[in-house]
Amino acid sequence: MIWCVDHDAQRRNMEIYTLRCVGMDAKGYDNAESFWEDLHKESPELILMDAALPGVDSFLLMKRIRQSCLVNDIPVIMEAKCSDELEIVRCLDSGADDCLGNPFGMMEMVSRVKAVLRRVQRHPIEDVYQAGGIGLFLKERRVTVNQDPIQLSYKEFELLKVLMEHPGEVFTRQWLYERIWNSTYSLKNRTVDIHVQTLRKKLGTCGSLIESVKYIGYRM
């Protein structure tokens, strides 16, 4: 899925149409707020982002993406004025993988997208995670404790995966619930706590690796 983040509706719709015509799935955002919110619920293959989004500093937004351990590996192509060399430099310096000079042709955009995706695919995401005696094998969706296999539910697996992907990072209950259960969180909701309890039991002696952070949430 390619995300097109552009306040210009005509250009955004043309990008989406062109990408779909060449066999890529795509959707659009006309503002930074909804884009940033969805970015922490699902991960696109690549982001096409306007360097002149209204109401926000697009360069700071780009830096936020690169500073977040949850989404910093998503490739980003920014769109800048081709006549403004400084703007192009700022795009690249803020962390963009490539920069399209605006105005640009749709086929050039497709070629840039394909080129960036090829570079990313040469460095595949790690599919095996280790923490103490716990082994999580992403492709096979299986977990072992001291090399013995254990059975986890779908949500337990997703919860453990998030924690193991980012060891040491503290995740709030709200963030975990909204990311894994894809629903609105309330303070009375104990779903995350209950799943952590059952997950710890299944992990046995390794369950203590999932630490409670008082008033906040959990970390591996």
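How many disulfides does the structure hold? The structure holds 0 disulfides, a disulfide being a pair of cysteine sulfur atoms within 2.5 Å. This is a predicted model, where local features need pLDDT of at least 70, side-chain atom pairs count only at pLDDT 80 or more, and totals for chains, interfaces and linings use all residues. Residues are numbered from 1 along each chain as its sequence is written, and side-chain values use heavy atoms, with hydrogens and water left out.

**Cysteines**

- A disulfide is a covalent bond between the sulfur atoms of two cysteines.
- Cys91 has its closest cysteine sulfur in Cys99, and at 4.0 Å that is too far for a bond.
- Cys91 is buried, at 0% relative accessible area (buried means under 20%, exposed over 50%, partly exposed in between, with a 1.4 Å probe and protein chains only).
- Cys206 also counts as buried, with 7% relative accessibility.

**Strand β1 and its neighbours**

- From strand β1 (residues 2–5), Ile2 and Cys4 point one way while Trp3 and Val5 point the other way, and all are buried; helices (H or I, at least four residues) and strands (E, at least two) are DSSP runs, numbered from the N terminus.
- Strand β2 (residues 26–29) runs parallel to β1, joined by 4 bridges; two strands pair if DSSP finds at least two bridges between them.
- Within β2, Gly28 is the bridge partner of Cys4.
- On strand β3 (residues 46–50), 4 bridges make a parallel pairing with β1, and Leu46 is the bridge partner of Ile2.
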